[in-house]
Amino acid sequence: MKKVFVVLCVSALLAACGGSSKSGSADSTATTGGGADSAASASAATTSSAPGAKLIAANDCNTCHKIDTKVIGPAFQDVANKYPATDASIDTLANKVIKGGKGNWGDIPMAAHPTLALADAKEMVKYILSLKK
């Protein structure tokens, strides 16, 4: 029974976080909800003029991540606090965004985003690493 539950959860996660459709994905930022803090986090990422913040808002990132609150994946600030803002970290994390991964933040895998351009993924990671407290 436990395996069935895990498979269902992973399937739901992949369905929610998979793909990087640009059309209509900005609406998911407003509809993912979760209280005033979540709305404020999503709003902060959406209203920032940083290119990376705009890319995050245009993709499905806010479905699983918020700036300062763990949702399905880690909070962006937690990622920024864990990794230095070096070229090596930016390359590693950008590739992880594109290829997906599991293990660094728990058992729930991050969905791959294979249609996302490497340059866009790097801009997103640079913005996320700039949120270090």
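Val-71, Ile-72 and Ile-108 make a nonpolar surface patch of about 230 Å². A patch here is built from residues with over 30% relative accessible area and no salt bridge; nonpolar side chains (Val, Leu, Ile, Met, Phe, Trp, Tyr) are joined within 5 Å, like charges within 9 Å. Areas come from the Shrake-Rupley method with a 1.4 Å probe, and for residues only the protein chains shown count as cover. Ile-72 sits in the loop between α5 (61–64) and α6. Its relative accessible area is 34%, so Ile-72 is partly exposed. The cut-offs are under 20% for buried, over 50% for exposed, and partly exposed in between (1.4 Å probe, protein chains only).

This is a predicted model: local features need pLDDT of at least 70, side-chain atom pairs count only at pLDDT 80 or more, and totals for chains, interfaces and linings use all residues. Residues are numbered from 1 along each chain as its sequence is written, and side-chain values use heavy atoms, with hydrogens and water left out.

Now the overall fold. The chain has 8 helices and 0 strands. Its pattern along the sequence is α-α-α-α-α-α-α-α. Helices (H or I, at least four residues) and strands (E, at least two) are DSSP runs, numbered from the N terminus. Of the 133 residues in the chain, 38% are buried. The chain exposes about 7,400 Å², and carbon and sulfur atoms supply 62% of that area.

Next, the interior. In soluble globular proteins, nonpolar side chains tend to be buried together. The largest nonpolar core in this model has 22 residues. Such a core is a set of buried Ala, Val, Leu, Ile, Met, Phe, Trp, Tyr and Cys residues joined through side-chain atoms within 4.5 Å. Ile-56, Phe-76 and Val-125 touch the most other members. The largest share, 6 residues, comes from α8.

Take Phe-76 as a case. Leaving aside residues up to four places away in sequence, Phe-76 touches Ile-56, Cys-61, Asn-62, His-65, Lys-66, Ile-67, Ile-128 and Leu-131.

The whole structure holds 2 salt bridges. A salt bridge is a side-chain nitrogen of Lys or Arg within 4 Å of a carboxyl oxygen of Asp or Glu. In one of them, the side chains of Lys-122 and Asp-91 meet at 3.0 Å, N to O. Lys-122 lies in helix α8 and Asp-91 in helix α7, so this pair ties together parts that are 31 residues apart in sequence. Both partners are partly exposed: Lys-122 has 26% relative accessibility, and Asp-91 has 31%.

Lys-126 forms a salt bridge with Glu-123, with the closest N and O atoms 3.9 Å apart. Lys-126 and Glu-123 are separated by about one helical turn, because they are 3 residues apart in helix α8. Lys-126 is partly exposed at 42% relative accessible area. Glu-123 is partly exposed too, at 27%.

One more residue of helix α8 deserves a look: Ala-119. Ala-119 is exposed, with a relative accessible area of 54%. The C-alpha atoms of Ala-119 and Ala-94 are separated by 8.4 Å, although the two residues are 25 apart along the chain.

Technical notes:
Contact means heavy atoms within 4.5 Å.
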